[in-house]
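Morning, everyone. I'll take one interface first, then the partner chain behind it. Structure on screen, please.

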Amino acid sequence: METLEQVLTPEEQFQARIDADVRIEPKDWMPDAYRKTLIRQISQHAHSELVGMLPEGNWITRAPSLKRKSILLAKVQDEAGHGLYLYSAAETLGTTRDQMLADLHSGKAKYSSIFNYPTLSWADMGCVGWLVDGAAILNQVPLCRTSYGPYARAMVRVCKEESFHQRQGFEVMQTLCEGAPEQKAMAQEALNRWWWPTLMMFGPKDADSPNTEQSMKWRIKRFTNDELRQKFVDMMVPQAEFLGLTVPDPLVKWNEERQAYDFGEVNWDEFWAVVKGNGLCNHERLQARVDAHEEGAWVREAANAHAAKRAARGAAVAA
Amino acid sequence: MSATLPEPTAAAVPASAPRSLFPFVLQLADTSLILAHRLSEWCGHGPVLEQDLAMANIALDLLGEARSYYQYAAELEDQGRTEDDLAYLRSAVEYRNPLLVEQPNGDFAHTIVRQFLFDNFHYHLLRELKDGPDAQLAAIAEKSVKEAAYHLKWSSEWVIRLGDGTEESRKRLDKAIATLWRFGGELTTPTETEKGLQATGLVPDYATLLPAMQAHAEHVFAEATVPLPTAVFAQLGGKTGRHSEHLGYLLSELQYMQRTYPGLKW
Amino acid sequence: MNQSEWPLWEVFIRSKQGLDHKHVGSLHAADATMAVQNARDVYTRRLEGVSIWVVESKHIHASNPDDSEAFFDPAADKVYRHPTFYEVPESIKHM
């Protein structure tokens, strides 16, 4: 009797494991395209965490109270941690962090376009936490069950930490909305700017997302872009109403039949313009990362040189 | 999972708490806050991801410590001011932090030298304060000294790596020492206020801290193969409100929201 | 590409006394001292640990998935290694 292995190609065996929800681990055989897709997706995700530190980081020094300052700093630091977990997961696929950073810095690798929008008021810290992290969580929770083991494990850690982010964002918004009229106005103004870019975070419409089908088949992705976008709108509209804020889309309306909200069309021209590098902050975000990396080179080299000297001396570690 | 950032808490002030401690506690608060603020400027711009996280951890420790001091100071003052009133609604000349901590981050070597000078003092001060006669101050110090021990380990190791690393790191470290060492002396030079409190035993005599500080610095600099600076002129002023120009810019950022929207809750 | 990247280390954390160290992820560090500290700064920010092990990734040797049948399947039919394989009279206690 022939065993399954004798009948199935490696690709078919691989797909059978995926279909049986068996996790793929680093040393397992995997199709090249699976490996490449994962490296692209995980590193893009890591880059988003790294670049995502910048728009919020620029308010750490201006946070309005000591408590908010602590929370914001802890949150932005968490994003550095998330970037690190994800780079580590990608490194199990045979790439290096240096290689991934080089791809980010050269513009070859992408990161989430949302971070190319400026943060202009304190209410933006609320919107980034509540909306942007809210959208990110919708994307990320299914990834805790993604087919590649190290990625799934990194995402479990990320999601645990991320829920604090969304809650603190909502709390910032709630405090503003329950505050003075100028605070409420600040909250509404920020929502007006962040609503549409957040909807864009789920990516192009399914019809324009050629990679979705293969990614779903490999269980790298578990929901389509449009499914997640709809889920997000359904989740957020009632929350905005609770806050007493108006979502800046006149077409938002509960659809009894669909048991979901109808909503207007995203401005896809803007979406593609920002993806292609023409958002207000694309240049400065990338430059900030390049600068940090280049200005840090001598520090990293010094630590390597010292470690080598110490190893050569065989000296015990002191200090 | 719910948001569980530990909130620094200040226990009720005992009736016997000496009011005279107020300016000293405020000085400690300002010092930790300003240094935390400086370190937080690195967030997102560190030389490597792992060290970005390390610096944010130190900043968070110092921020928590500052809040404990501000809350205690507010209780000692008993004028209805809150921690935020004290941090956000005082002008530069009212701030009491030493000059060292308000100095700009510069390159990583400057940040490390500033941190080392501060940590070496801070750790040894807290070791005394935790056994001091004021219970509340002792309680804050008890918690903070563990954090400070880690900070000192971190900055000491970086002094060693940069000193005994590459030619470039050595050059940068030397430059940072030349720029910042003169601000180290203020930490252990008591102001009139501090002298008064030292006389009552509420604040440790800084002279007693010096031997341990010196021994640690000698050990670290020997490892780093860098000569330990001697007889450096001590630039004084911050602790009496005579600051460098840097503090004004820092405060205009720090206080921007509270000054623009007075009296609101955030 | 520059040569400044630090080596990769695997991190193992004991979450509380009495439990094993468990692999939690990896990070970069120039030397072992820094690796332990980086692990503390990266992986124990929420009271996740009481003890840390690090080992440079290149020192880890793993079994090869291609050998997994030869390695692991032979254990499958050794049912007699498990206590449930044996019938013990009900009247016998403490076994």
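This is a predicted model: local features need pLDDT of at least 70, side-chain atom pairs count only at pLDDT 80 or more; totals for chains, interfaces and linings use all residues.

Six residue pairs are in polar contact between chain C and chain B, with both residues of each pair at pLDDT 80 or more.

Who supplies chain C's side? β2 (21-28) and α1 (32-43) of chain C each bring at least two residues to the side touching chain B. α1(C) gives the most, with seven residues. By class, that side of chain C has four nonpolar, four polar and five charged residues.

Now charge pairing. How many salt bridges does the rule find across this interface? One. The side chains of C:D31 and B:R161 form a salt bridge, at 3.6 Å from N to O.

Next, extent. 13 residues of chain C contact 13 residues of chain B. About 1200 Å² is buried between the two chains, and carbon and sulfur atoms give 53% of that area. Three residues stand out: C:Q37, C:R40 and C:D41 supply 43% of the area chain C buries against chain B, more than any other three residues.

Over to chain B itself. Chain B has 12 helices and zero strands. Its radius of gyration is 18 Å, close to the 18 Å the globule rule gives for 266 residues, so chain B is as compact as a globular protein of that length. Along the principal axes, the C-alpha atoms of chain B fill a box of roughly 55 × 40 × 40 Å.

Inside chain B, 59% of the 266 residues are buried. And of the contacts in chain B with a separation of 6 or more, 81% come from residues 24 or more positions apart.

Terms used:
Residues are numbered from 1 along each chain as its sequence is written. Chains are lettered from A and ligands numbered from 1 in the order in which they are written. Side-chain values use heavy atoms; hydrogens and water are left out. Contact means heavy atoms within 4.5 Å. Buried area is the accessible area (1.4 Å probe) that two parts lose on being put together, summed over both. A salt bridge is a side-chain nitrogen of Lys or Arg within 4 Å of a carboxyl oxygen of Asp or Glu. A polar contact is a pair of N or O atoms within 3.5 Å; within protein, one must be able to donate a hydrogen and the other to accept it, and residues adjacent in sequence count only if both atoms are side-chain atoms. Helices (H or I, at least four residues) and strands (E, at least two) are DSSP runs, numbered from the N terminus. Ala, Val, Leu, Ile, Met, Phe, Trp, Tyr, Cys and Pro count as nonpolar, Asp, Glu, Lys and Arg as charged, and the others, Gly among them, as polar. The radius of gyration is taken over C-alpha atoms; the globule rule is 2.2 Å times the number of residues to the power 0.38. Buried means under 20% relative accessible area, exposed over 50%, partly exposed in between (1.4 Å probe, protein chains only).
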